[in-house]
Amino acid sequence: MRDEALAAYGWDAEWQAAFVRASADPATAGPDPLPGRVVRVDRGQCDLVTPAGILRADTEFVVPRDPMRVVCTGDWAVVDAYGAPPYVRTLLPRRTAFVRSTSSKRSEGQVLAANVDHALIAVSLGAELDLGRIERFISLAWSSGAQPLLALTKADLVPDEATVAHLVADAETCAPGVQVLPVSAETGEGVDILAAVLAGGTTALLGQSGAGKSTLANALLGHRAQSVQAIRDRDGKGRHTTTTRNLLPLPAESGGGVLIDTPGLRGVGLWDAEDGLGQAFSEIEELAADCRFQDCAHRSEPGCAVLAAVEGGALPERRLDSYRKLLRENARLAARTDARLRAEQRKVFKQRQALGRHMMERKRGPRHQR
């Protein structure tokens with residue numbers, strides 16, 4: 001594979017410049033470094049596409065304590081391709097990253113996809129739309145730095161066009177500034193339009209299990225690259241078809257680009273999503289600018305433009321409730337994160353104190369007995 005073939009995976013002049021800077025450091029690069037993009041990660045190793053072809057490389061040199069900096073599908077890296085085995089020496093700085101919190105009881109983030117241009121959120125029309133969940137996904141997508149897109153999958157299950165239009169309108173109300181496309185991988189409806197929007201960039205495909213992500217991925221790829229399973233009859237929920245995050249090239253005839261298919265997400269916790277919430281609820285932020293008080297909480301304050309919009313029917317009350325809920329969740333997570341960082345800083349400080357005392361005792365030497 002020649003160097004220019006990496007362009008199909010998103011390689012450009014900016015990545016080239018970043019690679020040159022990183023590979024010039026002998027501490028983080030071997031004698032003959034190669035650029036590579038991570039297409040899959042598992043068990044301490046990863047597959048990368050490089051000018052020398054697809055390589056299986058060890059990630060021992062890039063195992064930080066910070067879970068936000070671990071190797072992730074979509075990362076660009078400096079690879080020691082001629083080692084035995086090949087090693088990933090360092091990661092190039094990420095442009096974007098889709099991150100969620102790992103658990104409601106922990107204050108750590110998990111990177112689901114790196115260097116993403118579009119965050120494509122799949123929501124099934126085979127079940128009632130969960131507008132609150134859509135708002136949660138959209139907030140995280142905006143926070144990632146990528147452009148969100150909303151695909152209402154399984155549109156063939158809603159044969160009435162007026163009903164589909166109504167569902168699209170409902171989705172648009174909770175995703176301002178986001179393109180909403182009804183699609184059907186079974187009939188092909190909307191797939192060409194979606195492929196044209198995604199052409200040439202890196203897209204992370206996200207959604208719950210059972211949303212039809214793998215079927216949609218196969219339709220975009222033009223072949224059966226991902227296995228699919230039926231949803232469970234007893235509750236309508238999906239099974240985990242995709243178990244790893246895989247970066248797959250999209251057809252050149254459709255405009256190219258790459259797709260990162262991710263496992264179905266049962267939980268989508270917010271992570272550092274303040275800016276994303278502002279964009280996901282942009283109409284509330286705009287209304288708040290006209291409130292009488294700058295620190296208005298939009299509850300009972302006089303002159304609140306947000307409450308006036310709710311009372312006048314311009315803003316759905318459900319929308320305001322969702323905004324408040326997500327703001328509270330994000331604030332709680334931020335407080336836990338700050339507490340964890342302070343605890344880690346105290347631990348490091350005590351370790352340094354202990355090391356300092358140990359070094360002082362060594363300098364003084366053994367105490368002489370009288």
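Good morning. By the ring rule, the count in this predicted model comes to five aromatic pairs; rings of Phe, Tyr and Trp (its six-membered ring) pair if their centres lie within 6.5 Å. One of them joins Phe61 and Tyr87, at 4.9 Å centre to centre and 65° between the planes, which is edge-to-face (planes over 60 degrees apart). Phe61 sits in the loop between β3 (53-58) and β4 (76-80) and Tyr87 in strand β5 (residues 87-91), so the pair ties together parts that are 26 residues apart in sequence.

A note on conventions. Residues are numbered from 1 along each chain as its sequence is written, and side-chain values use heavy atoms, without hydrogens and water. Local features need pLDDT of at least 70 and side-chain atom pairs 80 or more, while totals for chains, interfaces and linings use all residues. Helices (H or I, at least four residues) and strands (E, at least two) are DSSP runs.

I turn to the helices. The axes of α4 (residues 191-198) and α5 (residues 213-221), lines fitted to C-alpha atoms over the stretch in contact, come within 10 Å and cross at roughly 75°. That makes α4 roughly perpendicular to α5 (65 to 115 degrees). Val191, Leu194, Ala195 and Leu198 of α4 meet Leu216, Ala219 and Leu220 of α5, contact being heavy atoms within 4.5 Å.

Finally, the search of the whole structure finds one cavity of 30 Å³ or more, where a 1.4 Å probe fits on a 1 Å grid but cannot get out. The largest cavity holds about 60 Å³ of space. Its lining residues (an atom within 4 Å of a point) include Ala195, Leu198 and Leu220.

How values were computed. On a 1 Å grid over the protein atoms alone, a cavity is a set of points where a 1.4 Å probe fits but cannot get out, and a pocket is an open set with protein on both sides within 12 Å along at least five of seven lines; lining residues have an atom within 4 Å of a point. Grid points are joined across faces, edges and corners, and a volume is the space filled by probe spheres set on the points. Axes are lines fitted to C-alpha atoms, for helices over the stretch in contact, and angles run from 0 to 180 degrees between N-to-C directions. Angles under 35 degrees count as roughly parallel, over 145 as roughly antiparallel, 65 to 115 as roughly perpendicular and the rest as oblique. Rings of Phe, Tyr and Trp (its six-membered ring) pair if their centres lie within 6.5 Å; planes under 30 degrees apart count as stacked, over 60 as edge-to-face and the rest as tilted.
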